[in-house]
Amino acid sequence: MLTLKNVSKSYDKSKKAVDNISLEINKGEIVGFIGPNGAGKTTTIKMITGMISPDEGSVIVNGLDITKNPVEAKKSFTFVPDHPAIFDSIKGIDYLNFIADMYDVSINDRKERIEKFTKTFQIYDALTKTINSYSHGMRQKLLISAALLPNPKLFILDEPLVGLDPHSAKILKDLMKEHCKSGGTVFFSSHLLEVVENLCDKVAIIHKGSLIAYDTAENIKNKSNSTLEEIFLEMTKDE
Ligand SMILES: Nc1ncnc2c1ncn2[C@@H]1O[C@H](COP(=O)(O)OP(=O)(O)OP(=O)(O)O)[C@@H](O)[C@H]1O
């Protein structure tokens, strides 16, 4: 479903922001990506989504190399970035229809899914208003609804819980679980260790650009008989 093979990226010659990461995520899995500030999470996600190219290595999304076959690869996933930057002079409904057009979502499917996601997130009544009248959380919920609209094989999110109230965060976590149960795959970054531990099949820990753990939370914890928080703090402390 998602494979990273020896992926590296430097913004300047002095250090690698991402250093030789390899990772395999299977269909139906939900994987949380954690690491301290500046560890390389967003850089990794930008390479997965084709926003930047790796200096070395390859990213295979749903069997397609994101660098060699970008258009087809990009059709098979959707992405919610960490900042809900969005054209804000259009109405919410127009944004959703634009995304549905991009991903060839049928009229019936889009109507049903738009209603489902936006009613669940309680932004349905705001869809006829322009996005510049939305709060940060409403924009985030619109972006998440748009990203779920095509029922993507792979759903990628960069710190999606930031700025969401507890009700909305619970809804998103339930939608992520539901997406995986119905055969989709979810990869998301977060600083919320408890959420990652409870929600994810596997946890990937990145530190200073290197992947230092990739396993179930249970296996990671069993190795040293500590909490995930204690292990995370120990593994990522500055020497
Ligand atoms: N556009 C850029 N130009 C130069 N350096 C960058 C750029 N983007 C990121 N970096 C550097 O690359 C490293 C990894 O940054 P990245 O944003 O991937 O980390 P992150 O794990 O997402 O951090 P955070 O949790 O703070 O969002 C950092 O040292 C950062 O300063």
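So, how many nonpolar, polar and charged residues are in the shell around the ligand? Keep that in mind for a second, and remember that what we're looking at is a predicted model.

Okay, the answer: by class, that shell has three nonpolar residues, six polar ones and one charged one. Who are they? Surrounding the ligand we have Tyr11 and Ala17, then Gly35, then the stretch Asn37, Gly38, Ala39, Gly40, Lys41, Thr42 and Thr43.

Now the wider setting. An unreviewed UniProt entry puts the feature "domain: ABC transporter" at residues 2-233. In the model, that span is 38% helix and 24% strand, and its end C-alpha atoms sit 27 Å apart.

Next, a pair of helices. Take α3, residues 92-102, and α5, residues 136-148: they pack at an angle of about 25°, and their axes are 9 Å apart. Angles under 35 degrees count as roughly parallel, so that's what we call α3 relative to α5. The crossing of these two is right-handed.

And which residues make the contact? On the α3 side, look for Gly92, Tyr95, Leu96 and Ile99; on the α5 side, Leu142, Ser145 and Ala146. Sorted by class, this contact of α3 with α5 has five nonpolar residues, two polar ones and no charged ones.

Definitions and conventions. Residues are numbered from 1 along each chain as its sequence is written. This is a predicted model: local features need pLDDT of at least 70, side-chain atom pairs count only at pLDDT 80 or more; totals for chains, interfaces and linings use all residues. UniProt positions are given in the numbering used here, feature names are shortened, and annotations may be inferred rather than shown by experiment. Helices (H or I, at least four residues) and strands (E, at least two) are DSSP runs, numbered from the N terminus. Axes are lines fitted to C-alpha atoms, for helices over the stretch in contact, and angles run from 0 to 180 degrees between N-to-C directions. Angles under 35 degrees count as roughly parallel, over 145 as roughly antiparallel, 65 to 115 as roughly perpendicular and the rest as oblique. A crossing is left-handed if the near helix is turned anticlockwise from the far one by less than a right angle, and right-handed if clockwise. Two residues are in contact if their C-beta atoms, placed from the backbone, lie within 7 Å. Ala, Val, Leu, Ile, Met, Phe, Trp, Tyr, Cys and Pro count as nonpolar, Asp, Glu, Lys and Arg as charged, and the others, Gly among them, as polar. A residue is near a molecule or strand if its C-beta atom, placed from the backbone, lies within 6 Å of it.
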